[in-house]
Amino acid sequence: MPYLQCVPYARSVSGIQIYGDALTWWEQAEGRYARGHQPKVGAVMSFAPYGRMELGHVAAVSRVVDSRTVLLRHANWSPIGGHRGQIENDVRGVDVSPANDWSQVRVWYAPIGDLGTTAWPVNGFIYPDKPGKQKGYMLLASSKPAPVAKAAEAPRQSIGADFLKGVRPEVDVKASPVRRQLAMSYGVPKSAGAKPVVSRPARLAPSLSDDPIGRIIAAKTR
């Protein structure tokens, strides 16, 4: 049976043109392809060397099932029919990292018909887009910390005593007879610059003398 390595198969199904051992793909992709930590269809999952997997591994994502599960297309992972170097399509890969950042995964292993027991370390995902041209991928953070944006300070505002100057009331309210008589009786000028009237009546009109409020006002203005 034909024996196929993971690298040429991942390259053929993803279109990502990186050559060399799988362990070199992550570094080779820097500056050439977008990278990140969220699975996307068509992206390549880059495995770091671990245990007997000394050369690393690469597998293409064929489907995102949920935030913890993807389906993978890869070669030379499970021995099938007693032979290695075989192709497996749409097999499960499950994120088992505590932070759900896809830094550790368990992968379907054909001989046991289930996920393998090893939590394989993952560098991240290589996307088939140029850096800055990716579509909806979550990119790696820069090595330099981003400046912390400060909340915009609201300009301080103060309301002066004349803030209603020039504002006319929506409804003209006519002064009550009591206020008109008080105004005429106690020298309130009708216009700016008018001299106050100094003469005051001895008492209010009968209609006001019976008004307790009128008597209080009259007493205070004497």
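Buried means under 20% relative accessible area, exposed means over 50%, and partly exposed lies in between, with a 1.4 Å probe and protein chains only. The exercises below use a predicted model, in which local features need pLDDT of at least 70 and side-chain atom pairs count only at pLDDT 80 or more, while totals for chains, interfaces and linings use all residues. Residues are numbered from 1 along each chain as its sequence is written, and side-chain values use heavy atoms, with hydrogens and water left out.

**Exercise 1. The chain as a whole**

Task: State the secondary structure pattern of the chain and the share of its residues that count as buried.

Solution. 
Step 1. Helices (H or I, at least four residues) and strands (E, at least two) are DSSP runs, numbered from the N terminus. The chain has five helices and eight strands.
Step 2. Along the sequence the order is α-α-β-β-β-β-β-β-β-β-α-α-α.
Step 3. The chain has 222 residues, and 32% of them count as buried.
Step 4. Contact means heavy atoms within 4.5 Å. Of the contacts between residues at least 6 apart in sequence, 49% join residues at least 24 apart.

**Exercise 2. Strand β4 and its partners**

Task: Find which strands pair with β4 and how many of its residues are buried.

Solution. 
Step 1. Two strands pair if DSSP finds at least two bridges between them.
Step 2. Strand β3 (residues 57-66) is joined to β4 by five bridges, and the two run antiparallel. They form a hairpin with two residues between them.
Step 3. Six of the seven residues of β4 are buried, so the strand is largely enclosed by the rest of the structure.

**Exercise 3. Aromatic pairs**

Task: Count the aromatic pairs and classify the pair W77 and W120.

Solution. 
Step 1. Rings of Phe, Tyr and Trp (its six-membered ring) pair if their centres lie within 6.5 Å; planes under 30 degrees apart count as stacked, over 60 as edge-to-face and the rest as tilted. This rule gives four aromatic pairs.
Step 2. The ring centres of W77 and W120 are 5.4 Å apart and the planes stand at 70 degrees, so the pair is edge-to-face.
Step 3. W77 is in the loop between β4 (69-75) and β5 and W120 is in strand β8 (residues 120-126), so the pair ties together parts that are 43 residues apart in sequence.
Step 4. W77 counts as buried at 8% relative accessibility, and W120 counts as buried at 18%.
Step 5. For W102 and F125 the centres are 5.9 Å apart and the planes at 70 degrees, so this pair is edge-to-face. W102 is in the loop between β5 and β6 (104-109) and F125 in strand β8, 23 residues apart.
Step 6. W102 is buried at 1% relative accessibility, and F125 is buried at 0%.
Step 7. Ring pairs also link F47, Y50, W77 and W120 into a cluster.

**Exercise 4. Charges over rings**

Task: Identify which residue lies over the face of W26 and which lies over the face of Y33.

Solution. 
Step 1. A charge sits over a ring if NZ of Lys or CZ of Arg is within 6 Å of the ring centre and within 35 degrees of the ring normal.
Step 2. R35 lies over the face of W26, 4.5 Å from the ring centre.
Step 3. K130 lies over the face of Y33, 4.9 Å from the ring centre.
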